[in-house]
Amino acid sequence: MKEEMLDIVDENDRFVRKAARKEVEEKNLLHRVARVLVLNKEGELLVQKRSKNKISYPAHWDVSVAETVVSGEGYESAAMRGLWEELGISGVSNIQLMHSFLFKIHHASSEPSELCKVYRIVYHGKITIQEQEIEKARFMALDEIAELKAQEPFHPVGALAFDTYRKKCQNEQI
């Protein structure tokens with residue numbers, strides 16, 4: 001099986017070089033990730049509990065969908081792939097995602113270092129979780145997620161995306 005290749009980028013999202021996923025993880029290299037915040041018509045945000053079998057952050061809560069952008073792929077394509085693979089959501093186009101872009105975040109730490117584009121969609125259909133990736137998922141109010149984040153293990157980049165989104169909502173910027 002051919003190893004998955006990722007694009008290594010600088011802080012300005014400029015391509016530096018390609019690297020195998022294993023090298024990216026071992027050396028904590030900055031790479032691209034697409035995150036999609038999925039809301040229902042009541043404005044509640046979908047949160048998921050990652051599978052206990054995940055290599056990174058097992059059994060941690062996270063917001064909606066996060067998908068690593070593979071080499072040569074765009075953020076929007078990765079976001080669409082993640083929506084389908086993790087939640088069974090189809091029919092979201094590149095154009096819809098481009099118009100739903102919210103903000104970009106850079107998470108630098110000992111693990112992981114990610115440059116993320118964060119999108120938001122409102123979805124009313126059926127969600128089918130991929131059980132190898134997700135233990136459970138549910139829609140929650142933002143205040144409830146803040147409480148959950150304070151009490152349960154939460155993926156650090158998901159926490160940063162949530163905090164940024166919540167702050168923007170409080171400042172009525174979105």
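User: How much space lies in the largest pocket, and what makes it a pocket rather than a cavity?

Analyst: In this predicted model, the largest pocket holds about 860 Å³ of space. A pocket is an open set of points, whereas in a cavity the probe fits but cannot get out, so the word "pocket" tells you that this space is open. As for the idea behind the search, rolling a probe the size of a water molecule over the atoms shows where empty space is left.

User: Which residues are closest to the centre of the largest pocket?

Analyst: They are Arg21, Glu25, Arg50, Ser56 and Thr68, out of 32 residues that line the pocket. Several elements take part: H1, S3, S4, S6 and H2 each supply at least two lining residues. Helix H1 gives the most, with four.

User: How do the residues of that lining divide into nonpolar, polar and charged?

Analyst: The lining has 15 charged residues, nine polar ones and eight nonpolar ones. Asp, Glu, Lys and Arg count as charged, so Arg21, Glu25 and Arg50 belong to that group.

User: Let's turn to helix H4. Which of its residues are buried, and how do you know that they are on the same side?

Analyst: The buried residues of H4, which spans residues 142-151, are Leu142, Ile145, Ala146 and Leu148. They cover an arc of only 160° around the axis, and therefore they sit on the same side of H4. The face turned away from that buried side carries the exposed residues Ala150 and Gln151.

User: What do the buried residues of H4 pack against?

Analyst: Their partners are the strands S4, S5 and S9, together with helix H5.

User: Why is Cys116 called buried but Cys169 partly exposed?

Analyst: Buried means under 20% relative accessible area, and exposed means over 50%. Cys116 has 0% relative accessibility, so it counts as buried. Cys169 has 24%, which puts it in between, so it counts as partly exposed.

User: What makes the phi of Tyr57 and of Ala59 worth a look?

Analyst: Most residues other than glycine have a negative phi. Tyr57 has a positive phi, near 50°, and Ala59 also has a positive one, of about 60°. Tyr57 lies in the loop between S4 and S5, and Ala59 lies in that loop too.

User: Are Tyr57 and Ala59 buried or partly exposed, and how do you know?

Analyst: Set each value against the 20% cut-off. Tyr57, at 19%, is under it and is therefore buried.

User: Where is Lys41, and why is it called exposed?

Analyst: Lys41 is in the loop between S3 and S4. Its relative accessibility is 65%, which is over 50%, so Lys41 counts as exposed.

User: What is Lys41 in contact with, leaving aside its neighbours within four places in sequence?

Analyst: Lys41 is in contact with Val122 and His124. By C-alpha atoms, Lys41 and Ile8 are 37 Å apart in space and 33 residues apart in sequence.

Methods: Residues are numbered from 1 along each chain as its sequence is written. This is a predicted model: local features need pLDDT of at least 70, side-chain atom pairs count only at pLDDT 80 or more; totals for chains, interfaces and linings use all residues. Side-chain values use heavy atoms; hydrogens and water are left out. On a 1 Å grid over the protein atoms alone, a cavity is a set of points where a 1.4 Å probe fits but cannot get out, and a pocket is an open set with protein on both sides within 12 Å along at least five of seven lines; lining residues have an atom within 4 Å of a point. Grid points are joined across faces, edges and corners, and a volume is the space filled by probe spheres set on the points. Buried means under 20% relative accessible area, exposed over 50%, partly exposed in between (1.4 Å probe, protein chains only). The arc is that of the directions from the helix axis to the C-beta atoms. Contact means heavy atoms within 4.5 Å.
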